[in-house]
Amino acid sequence: MPDPNAPFSATKKCPHCGRWTEWQQQPTDRCQHCGQVLEPRRAAADEHRQQQADAPLSEGLLLIEINPDENPIVKFFKYIIRGGQLAFGAFMAFMMWLLAAVAG
Ligand SMILES: [Zn+2]
């Protein structure tokens, strides 16, 4: 989605090769010369935000990924770890509630 306040295309000096390249002012834009991401830090931040948006249940808790193609035994253990992570999240929520109840 282009920024309406920005010109359709602009140039930016590539931080990797130092040459000027066209870009659409998007964090995923790559240099025309060396193919590197022009704003790697912004791209990483966006990716992180995307991951959090994909897992609203975890509420900031980083759940491990379970790949459907994985070995069933590996998946089994990952489900156990994930269950532990969710239980820990619930425990923390309970502690917050308890602290709030005691303080109030
Ligand atoms: Zn470059």
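1. A salt bridge is taken here as a side-chain nitrogen of Lys or Arg within 4 Å of a carboxyl oxygen of Asp or Glu. In this predicted model, Lys78 and Glu70 form such a pair, their closest N and O atoms being 3.1 Å apart. Glu70 has a relative accessible area of 25% and is partly exposed.

2. The count of salt bridges by this rule is two. Glu39 and Lys12 also meet through their side chains, with an N to O distance of 3.5 Å. This pair links distant parts of the chain: Lys12 belongs to strand 1, Glu39 lies in the loop between strand 2 and helix 1, and 27 residues separate them. Glu39 is classed as buried because its relative accessible area is 19%, and the cut-off for that class is under 20%.

3. The zinc ion has as its protein donors the SG atoms of Cys14, Cys17, Cys31 and Cys34, which lie 2.3 Å from the ion. The angles among the four donor atoms run from 105 to 117°, and the site is tetrahedral.

4. Along the sequence, the donor residues of the zinc ion follow the spacing C-x2-C-x13-C-x2-C.

5. Cys31 counts as buried, at 4% relative accessibility.

How values were computed. Residues are numbered from 1 along each chain as its sequence is written. This is a predicted model: local features need pLDDT of at least 70, side-chain atom pairs count only at pLDDT 80 or more; totals for chains, interfaces and linings use all residues. Side-chain values use heavy atoms; hydrogens and water are left out. Donors are N, O and S atoms within 2.8 Å of the metal (3.2 Å for Na, K and Ca); water is not among the atoms, so sites may look incomplete. Four donors count as tetrahedral if all angles lie between 85 and 135 degrees; four count as square planar and six as octahedral if opposite donors are over 155 degrees apart and all others between 65 and 115; anything else is irregular. Buried means under 20% relative accessible area, exposed over 50%, partly exposed in between (1.4 Å probe, protein chains only). Helices (H or I, at least four residues) and strands (E, at least two) are DSSP runs, numbered from the N terminus.
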